[in-house]
Amino acid sequence: MFHDRIPPDTSDQSASKRKGWLRSLFGIDEDSPANPPELLDPLPAADSDLIGADELVDLAVLATQLAELIQSARDRLDGAVEMVDRSADDAADYGRMLSASAKAIDAHKLPKDTVQALLDVTRQMIDRTETAEKRLRSTNGELRALQNDLSIAQETAERDPLTGLPNRRALEQAMTRAVDTARRADAALSVAFCDIDNFKRLNDVHGHAVGDRVLRLVGDCLSEDADDRTFVGRQGGEEFVVLFEGMPVIEAAARIDAIREALSERTLRSRSDGTPIGRVTFSAGVAALNGPETGEELLHRADVALYRAKEGGRNQVVIDPGA
């Protein structure tokens, strides 16, 4: 994410007020440092992505197209399974009706040749309907297996392969649902936009393998205590988004800040050779749903708050003032 697209607040007075407000919000003493020491030197606010912007756009487009194709195939299969179910039931009913008719014909005193001809035709039809029913049942089993395969494929298309968290597409869908639900129920909805501090420098110094493990670690920390009202997804790169349904913004910010503090107190080392990695921290911006705004607008306000957290020294949580 390129935070330099948002004009920075250069007012010393505003920065002082913001820091004082955060101290009072999270119970930080005036004499304590705003941020624990970091092993890595701070970088400018605009960290570069590991993958070029054009490649990220291409990957996002391909993922979206794949997910749409899978959904279309699932919709068609749902209709096919329903149709085959009905056809198999109809074939079974027809077979039973023919069998009953054959017995009725056999019981009546009709000319022998006529009865025999009717019985032969009826028995042929019974055999054919039984065969058709078996084929339809078999086809239906294959269709249901295909449905299951497509469900797995769709879940895969909406999962980030590195962290196992929902990816950006799944996150956007969850955001849309959460906003609609909150608006209908007149309930609270808060969103936290989190970004790992100095992630590019970490990759440059320790390598991408360590960077990948850090991404998984932060994803695990954010989702460890998540419940059915909390949605955690990877926005992309070193960014994560957490949706808190039914939770006021102050409580959501406190949750994220507790995770941030616990992570910042850990000292990490490389598994391969024990090389010290130091402390991993993240910054976060938290915003609450206001009025008729869209999920995109809500996420943008959280992003602006995140930028302020980065500008304020990183390793901190900032609440959108419009919350």
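Predicted model: local features only at pLDDT ≥ 70, side-chain atom pairs only at ≥ 80, totals over all residues.
Residues count from 1 along each chain as its sequence is written. Local features need pLDDT of at least 70, side-chain atom pairs count only at pLDDT 80 or more, and totals for chains, interfaces and linings use all residues, while side-chain values use heavy atoms, leaving out hydrogens and water.

**View 1. Ser283 in strand β6 (residues 282-288).** Strands here are DSSP runs of E, at least two residues, and helices are runs of H or I, at least four, numbered from the N terminus. Ser283 has 0% relative accessibility, so it counts as buried (under 20% relative accessible area, 1.4 Å probe, protein chains only). A polar atom of its side chain sits 3.0 Å from the backbone nitrogen of Asn315. Beyond neighbours within four places in sequence, Ser283 is in contact (heavy atoms within 4.5 Å) with residues including Phe193, Asp195, Leu306 and Gln316.

**View 2. Ser190 in strand β1 (residues 189-196).** Ser190 is buried too, at 1% relative accessible area. Its side chain reaches the backbone oxygen of Met247 at 2.7 Å. Among its contacts, leaving aside neighbours within four places in sequence, are Phe244, Pro248, Val249 and Ala252. Ile250 is 60 residues away from Ser190 in sequence but 9.0 Å away in space, C-alpha to C-alpha.

**View 3. Helix α7 (residues 249-264) and its buried face.** The buried residues of α7 are Val249, Ala252, Ala253, Ile256, Asp257, Arg260, Leu263 and Ser264. Down the axis of α7, they fall within an arc of 130° (taken from the directions from the helix axis to the C-beta atoms), so they line one face of the helix. An α-helix has 3.6 residues a turn, so residues three or four places apart point the same way.

Technical notes:
Buried < 20%, exposed > 50% of the residue type's maximum accessible area, 1.4 Å probe, protein only. Polar contact = N/O pair within 3.5 Å; in protein donor to acceptor, adjacent residues only side chain to side chain. Expected span 1.5 Å × (residues − 1).
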